[in-house]
Amino acid sequence: MIGCLLGVGILINYIDRVGLSAATPELTRELGLTATDIGLLGSAFFWTYSLLQVPGGMVLDRFGVTTVGRASSFLWAVAATITALASGLWGIAAARLLLGVAEAPAFPASQKATGHWFPLDERARSTAIFDSAAKFSNVIGVPLVAYVIYLYGWRWGFGVTALLSFLYFVAYYVIYRNPSEDPKLSRAEHDYIVAGGGTPEGPATAGQSRMLGYLLRNRKVWGLTIGFSAYGYTFYLFLTWLPGYLAQTMHMNLMSAAGYSTIPWIFATLSDLLIGGFLVDHLIARGYDSTRVRQSVIIVGMLMGLAVIGAAFTVKPGWALLWLSIAISGLSAAAPVGSSIVSLIAPKGGAGTVGGILNFTNNMMGVLAPIVTGIVVDWTQSFAGAFMIAGVVLLIGIFFYVVVWDGSSRFRISKRRHCETPWPSTEERGMPQTTSRDPNQGRSKDTLIRNARLIDGTGAPWFEADLRISGSRIAAIGVSLPADGAEIIDARGCYLAPGFIDAHCHDDLICLREPDRPEKALQGVTTLVVGNCCFSLYPATASSAEMLRQHFSGLAGETRANEVFDSFDGYRLALEGPGVALNLVSLVGHAAIRLAVLGYERRAATDQEVAAMQALLAQQLSQGAAGLSLGLVYPPSAYADSNELCALAATVRAHGKLLTAHIRSYEAGLLKSIDEFIAILRASGAAGLLSHLQSAGKPNWGAIPRALDRLEAARAEGIDISFDMYPYPAGSSYMLQLLPPAALEGGIDALRARLRDPLKREALRVLVEEGDPDPHAAQSKIVLIGWHNVRISGTGNPALKPLEGKSMVEAARELGISPFDLMVRCIEEDQGQTGIIMFQLDEADLRAAFTHRLHMVGSDGIPRPGTKPHPRAYGSFPRVAGRLTREQGWMTLEDAVRRMTAMPAQRFGLSDRGILRPGMTADLTLFDDTIMDKATFEAPTEMPAGIRSVFVAGEAVVADGRSTFARPGRALIAG
């Protein structure tokens, strides 16, 4: 429906344009116009249409497709009506200028909408639908308008387009919504779009002005833009002059010229749909390299466009139509491919601006081609010269497609910025440079950061010095280092620290979908540790892949089948293919290992099954995974016994890697659960990291000092153990954690089936709301903290979106049901994928853990775009470096930095990161005294303040507090 709506809109848009082409003979006779006059009149629309493409794209990125599309289509209908009522050359020209204003957002809006509505493997077809409509307008538009003009005159011809425009406004107003706004979109359809790589909705992270500046300085943008504009020149030549060419050169009357001119456009429409759309998607789906497929179709299509030169040397209608059909068909196959690249390369919220740049230059060809052609025809009394010029323009376009754009569907830039106040202007800082995947490639200068307060990561007091970056490494540290041609950053008054390491997060999936990771980069984070709490996207076998997909979907939202992998190597290659802004360290999730061998069976593993799990784990560790993560409250990891856990820990120890654990209980069973983890480490000899140490539920508050004593006693015994924790008194998970682990036996489908049984549903309600009478059973979260302390943070089902940000009590009251029934509804309708925030911790316990010597910082962020997540995903590290140190005095700034750099680097075996020393990798964070988190539970996605620049392997991923969209990160091999 959406594809058809966009296609109809472009069809009517172009009928508006070709209407003038059909009316040319009548206007020439009635108003006595010359070919130059007709060229000027034909170009009038394109002046305003072209000049408003970039501003229109920026407005589109700011206010969205729905709002801008409605306003534009209404003004479009009004302007089309005025065109029909205008008189005289200048009256018609003025009306055409107004029509250009009204229609300016049409094409960028269609490009942006296809990104929102269609997954990557349907992007070529969806783009071809509306792009081919532009060609098809010549098949039906020219004859239709020409027939009306023949019967009633040229005013009625424009009147028809005015009526069509008004009808389209009504249809657009009624039908179009963005996916997140459309109540008719089913859950399955929404998940299919998101999982397939649909472009995220929402404004640009970097802001419209900065986004525009970045794009205008990017070499690849201009390669794509100029190459596409060469197509546009020839296309608009045909669009404006084809009937006139046939009438003048082939001596046809109005109706004959209009009729024969449809022949090339029929072939063009078919070529657009079948080659530029379906064939491209088919080849990519078959596994052919998507970049080569797109570039090949574009280049072959442009070469076919050179057939226009053949039409310059014939006076025979048959040959002319053959040459023109070849030329227009080739260009039409290339057009949707070039147009679809907009939504593929655009940063989040930037598709409208990229489309605006592309369409501005392309439509300026709509100004230039009619005028140049009119002048050449007036001067030579022939179209031959005009067609030769078109051939030369196409050759220029091919050069830019091949050499400047070079076919890549992602671009990255390198930026350097000063840290002085006020910040220098963009002109003073110079232009960003494009880089490749090699962090050293393309670097013409070293970078010298002067006069910074260096916090080296060891906990030592800061000292003022210079630091030089050469390639991806720290080359030197000292006072008054020589410039030697380096680019200078004056960091006076700023702190320079090692890049922060998020020791515990769940960014596994989001790094595949949104690899620029601005909310982490803007916290100063340069490395993410993923795969925690037993949740990882690998390893999957043929029999376990669907179970693993469902398991990860429960935590992070709908996960598609091709986003789970057979091994660490598969996951690493998927990350590094398109590039990623930050580094990743990946743990193997215990759930994936167990699902591959036992599925969701709630029993002890046999010796043979344990051996199979050990072999699968060993394969991942040998490929570079950093260790194994347990999630002993999350099925199926929760079903493992001591024998299985000790055996897997021994495999971890044999590979010199790390064992992390979300232990069995953070409630009344906290100390017993810590003892279990220590026993596993003692038996295996593995090093251990206890995940997010806390004591949940008011009856259990005050237990953290005793827990810390347990850890210190273990270290005194020779057991290598430490822990991570986030700086907030609330936790976050998925709604299934409110259930006892046994409820998940057999997986989510089995749970949903049990909930449909009234007796089993009531038995589960008793366990959730009253607790298990067995004193050895895990405490119920609801008994401990109550429904009122559970807030819904994210849903995958659009019908449940209004519940986000509300407590279970509040949401249930609005729906007229009990909180338990609301939980059941979420499990059923959201397939267990509902995210929650639980307010359950004590500030004194949090401070005791945070200030202990064994603590390091992990955000435990669970990113789910478009929801209301826990603010820790957006504010943890500035909160530690700012609020907890400067305002609350929990620790010194140097100690805070140590917990975010050297400690996690040592724990995860990152020997070349975490401290500032010559020869270390240049992962750096530059910040000032204003560093502070701004995200709250009410506004959880607010970006922090005070982070000035962030470097990953010497490459700026943040400059002036804004993302640069560079992607120098990679999957790090721990050890």
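**The second largest cavity and the chain around it**

Author: The volume of the second largest cavity is about 100 Å³. This is a predicted model, in which local features need pLDDT of at least 70 and side-chain atom pairs count only at pLDDT 80 or more, while totals for chains, interfaces and linings use all residues. Residues are numbered from 1 along each chain as its sequence is written, and side-chain values use heavy atoms, with hydrogens and water left out.

A cavity is a set of points, on a 1 Å grid over the protein atoms alone, where a 1.4 Å probe fits but cannot get out. Grid points are joined across faces, edges and corners, and a volume is the space filled by probe spheres set on the points. Searching the whole structure gives nine cavities of 30 Å³ or more.

The second largest cavity is lined by 15 residues, of which Ser732, Ser793, Ile862, Arg864 and Pro869 are the closest to its centre; a lining residue has an atom within 4 Å of a point. At least two lining residues come from each of strand E16 (730–734), strand E17 (790–794) and helix H35 (872–887). Helices (H or I, at least four residues) and strands (E, at least two) are DSSP runs, numbered from the N terminus. By class, the lining of the second largest cavity has four nonpolar, eight polar and three charged residues. Here Ala, Val, Leu, Ile, Met, Phe, Trp, Tyr, Cys and Pro count as nonpolar, Asp, Glu, Lys and Arg as charged, and the others, Gly among them, as polar.

Let us now turn to the rest of the chain. The protein chain contains 37 helices and 23 strands, and 63% of its 975 residues count as buried, that is, under 20% relative accessible area with a 1.4 Å probe and protein chains only. Of the contacts (heavy atoms within 4.5 Å) between residues at least 6 apart in sequence, 79% join residues at least 24 apart.

The crossing of H30 and H33 is right-handed, meaning that the near helix is turned clockwise from the far one by less than a right angle. H30 contributes Arg761, Leu764, Arg765, Val768 and Glu769 to the contact, and H33 contributes Phe820, Asp821, Met823 and Val824. These comprise five nonpolar, no polar and four charged residues.

Helix H36 (residues 893–900) is mostly covered, with eight of its eight residues buried; Glu894, Asp895, Arg898 and Arg899 are among them.

Finally, consider two single residues. Ser637 lies in the loop between strand E12 (627–631) and helix H26 (642–654), and counts as buried because its relative accessible area is 0%. Leaving aside residues up to four places away in sequence, Ser637 touches Cys534, His590, Leu630, Gly631 and Leu632. Val337 belongs to helix H16 (residues 317–345) and is likewise buried, at 1% relative accessibility. With the same exclusion, Val337 touches Gly276, Val280, Arg294, Val297 and Ile298; the C-alpha atoms of Val337 and Arg294 are 6.2 Å apart, although 43 residues separate the two in sequence.

Key:
1 Å grid on protein atoms, 1.4 Å probe; cavity = no way out; pocket = protein on both sides within 12 Å on 5 of 7 lines; lining within 4 Å. Buried < 20%, exposed > 50% of the residue type's maximum accessible area, 1.4 Å probe, protein only.
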